[in-house]
Amino acid sequence: MSLPAEFHEIAKRVNNWGRWGADDEIGTLNLITDEVVREAAASVRSGRRVPLALPLRQGGVQTGMIPGRVDPLHTMVQINQELFGPGTIACSDDAVTMGLQAATHWDALSHVSHSGKLYNGRPADSITAHGGAEFTGIDKPRHIVSRGVLLDVARALGVERLDSGHAVTPENLEAAEEMSGTKVGVGDIVLVRTGQVQLLLAGDREAYAFPSPGLSVRTPEWFHARDVAAVANDTLTFEIFPPEIEDLWLPVHGLHLVEMGMLQGQNWNLERLSTACGEVGRHTFLLSAMPEPFVGGTGTPVAPVAIL
């Protein structure tokens, strides 16, 4: 089944191919300039730090709904082993097998393709079993630090958690923006709170995963118009799931990652940040969300921190 004309029309309006050159591999992260980072650093007032990552553990986010995406399997490979003989310093080491997008993570631009293409028109078959993503792997964006803006859609709409069938619209984003008292601008990283992660934190992994509120197919044009650098939220699927348009699965992924070249983050815990922003009456902060540079990876775990 081919993608509908509606998708292709939006794709034309948000397409960034060639904007930063034919060889570009980081897309909208180019919008995070030195000046943007300097201004972001100036937003730190108290130094209060709010962690946004979920724990990496067995029995975490993944339930098997997404094939192959497994929670971390943590094993000890040394336990108090005296490597250099009796009485010497003893070492403990461990190893982990996990899906790179198991918990709080960034999707690389190579995470999805459509019509045989990746971001900037590169061929989708450049992703191989042994090499992974030759182009736009998660190792390419080496640092992600910018001004973060929390768009607390749930609170802006007067609820603790959006209904499972709620598609977050541009109008919802603008309501949250107005509540925040700030304007989303060039190079910002936008964090969209739906409250969905509350279900996971309460132990209901299945309800957290499906069905889920999330971003509407109408929102990519909003982010494109604002020149946003990246977007993350507090859901498993990022966009509304099941989709708002019948049989059009993951359209926001295709528009963000392939057409715009804009990273997406999923499974971010925005609950403490929502409380902190409410307490200080400010929804902007310095955000550090460094990707782990897995060469050829199509995603990476991340431990983001908001600094108020």
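Helices here are DSSP runs of H or I with at least four residues, strands are E runs of at least two, and both are numbered from the N terminus. I kept in mind that this is a predicted model, in which local features need pLDDT of at least 70, side-chain atom pairs count only at pLDDT 80 or more, and totals for chains, interfaces and linings use all residues. Residues are numbered from 1 along each chain as its sequence is written, and side-chain values use heavy atoms, with hydrogens and water left out.

I looked up burial next, where buried means under 20% relative accessible area, exposed over 50% and partly exposed in between, with a 1.4 Å probe and protein chains only.

**Entry: helix 1 meets helix 8**

Two packed helices are described by the angle between their axes and the distance between the axes. For helix 1 and helix 8, I read axes that come within 10 Å and cross at roughly 35 degrees. The axes are lines fitted to C-alpha atoms, for helices over the stretch in contact, with angles from 0 to 180 degrees between N-to-C directions. Contact means heavy atoms within 4.5 Å. On the helix 1 side I listed Phe7, Ile10, Ala11 and Val14, and on the helix 8 side Pro251, Gly254, Leu255, Glu259 and Met260. By class, this contact has 7 nonpolar, 1 polar and 1 charged residues. In that scheme Ala, Val, Leu, Ile, Met, Phe, Trp, Tyr, Cys and Pro are nonpolar, Asp, Glu, Lys and Arg are charged, and the others, Gly among them, are polar.

**Entry: aromatic rings**

Rings of Phe, Tyr and Trp (its six-membered ring) pair if their centres lie within 6.5 Å; planes under 30 degrees apart are stacked, over 60 edge-to-face and the rest tilted. I got 4 aromatic pairs by this rule. One of them joins Trp222 and Phe223 edge-to-face, 5.5 Å centre to centre with 85 degrees between the planes. Both Trp222 and Phe223 are buried. I also saw Phe210, Phe241 and Trp249 linked by ring pairs into a cluster.

**Entry: backbone exceptions**

Most residues other than glycine have a negative phi, and most peptide bonds are trans. Two members of the ring cluster, Phe210 and Phe241, turned up again here. The bond from Phe210 to Pro211 is cis, with omega near -10 degrees, and Pro211 sits in the loop between helix 6 (205–209) and strand 10. Phe241 and Pro242 are also joined by a cis bond, with omega about 5 degrees; Pro242 is in the loop between strand 11 (230–233) and helix 8.

Ser115 is not a glycine, yet its phi is positive at about 55 degrees. I placed Ser115 in the loop between strand 4 and strand 5 (127–128). Thr136 has a positive phi near 55 degrees as well, in the loop between strand 6 (132–133) and strand 7 (145–152). Buried or exposed? Ser115 is exposed at 56% relative accessible area, while Thr136 is buried at 1%.
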